[in-house]
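Please keep the sequence and the model in view while reading.

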Amino acid sequence: MLSTYWQTSRAPRYSLFFALPLLIFYQILAALAPAGPGGVTIRNGADVVLQSVFVWLAGAWGPRLFLLCLIAIGAWLIAKDIRTNRATIRLAVVAGMLLEAICLALIFGIVVGSLTAALLGGPPPAMAIGLTVQHMSRWTLLMVSIGAGIYEELLFRVLLVGLLAWTAKNVLGLRPLVAGVMATVFGALIFSAFHYIGAFGDRFDIYSFVFRTIAGLFFSGLYLLRGFGITAWTHALYDVFLLLR
């Protein structure tokens, strides 16, 4: 039974369907979120990066086109998986995925924090965050946290690590295992550095950088083992748990 769940829950029909509520919640909260300091529209940074390509292509229609493409590709992959395997989506499996993501989110901070402390030889200091973030409402912070799950995993795990692995294998000629390891490490470093960029970025300190680098390695491994949906929910729930402390 456990082995069946382990394999079934990684299928695209479950992984993408499970991630859909995160996308819906994020978009609703983003539409209702007030403007930030100076009237700046606040969105998750990875969402902004992904949208920028479509804004460059379609101007003001870019964000709508991006969302439409995201939904259309996801729906096509779900439908294709259902047709190919002649299967349906069982709510019991989805409930199991939610329970798994909650458990992973609860232990994530302990495991990654312990590894970081062991590596740096000291207890964690208070996380340094940007002054603008301190003035965001809790609903805006909730929106950003949920967006981290769906968009940061899409950008850094699905697209970035995948592209780096393909480049290392097909351009540099590295073996698949070496290419995968290199892509995962570089992807984790870029993921960590991303949090310090822009007006809403955190103030840099070595502990948070190492913590997020290890977190990037953790999420990459989880993505390879458990798929996009559970990884996105684990990331989002961890950020939400931090918000509710």
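## Model and confidence

The structure is a predicted model, in which local features need pLDDT of at least 70 and side-chain atom pairs count only at pLDDT 80 or more, while totals for chains, interfaces and linings use all residues. Residues are numbered from 1 along each chain as its sequence is written, and side-chain values use heavy atoms, with hydrogens and water left out.

The average pLDDT (the predictor's confidence in each residue, from 0 to 100) of the protein chain is 85, and 88% of the residues score at least 70. Residues 128–132 fall below 50, and this stretch has 13 contacts (heavy atoms within 4.5 Å) in the model beyond near neighbours in sequence. Where pLDDT is low, predicted coordinates should not be read in detail.

## Fold and surface

The protein chain has 10 helices and zero strands, taken as DSSP runs numbered from the N terminus (helices H or I, at least four residues; strands E, at least two). Among contacts with a separation of 6 or more, 79% join residues 24 or more positions apart.

Of the 245 residues, 43% are buried (under 20% relative accessible area; exposed is over 50%, partly exposed in between; 1.4 Å probe, protein chains only). The chain exposes about 13400 Å², with carbon and sulfur atoms supplying 74% of that area; accessible areas come from the Shrake-Rupley method with a 1.4 Å probe, and for residues only the protein chains shown count as cover.

## The second largest pocket

A pocket is an open set of points on a 1 Å grid over the protein atoms alone, with protein on both sides within 12 Å along at least five of seven lines; a 1.4 Å probe fits at the points, and lining residues have an atom within 4 Å of a point. The second largest pocket holds about 630 Å³ of space, the volume being that filled by probe spheres set on points joined across faces, edges and corners. It is lined by 25 residues, and Leu-16, Leu-70, Gly-74, Leu-154 and Phe-228 are the closest to its centre.

Helices H2 (12–32), H3 (45–58), H4 (62–85) and H7 (138–170) each supply at least two lining residues. H4 gives the largest share, nine residues. The lining has 21 nonpolar, three polar and one charged residues (nonpolar: Ala, Val, Leu, Ile, Met, Phe, Trp, Tyr, Cys and Pro; charged: Asp, Glu, Lys and Arg; polar: the others, Gly among them).

Leu-32 is found in helix H2 and counts as exposed because its relative accessibility is 67%. The C-alpha atoms of Leu-32 and Trp-139 are separated by 9.1 Å, although the two residues are 107 apart along the chain.

Arg-86 is found in the loop between H4 and helix H5 (91–120). Arg-86 is not a glycine, yet has a positive phi of about 50°. With 79% relative accessibility, Arg-86 counts as exposed.
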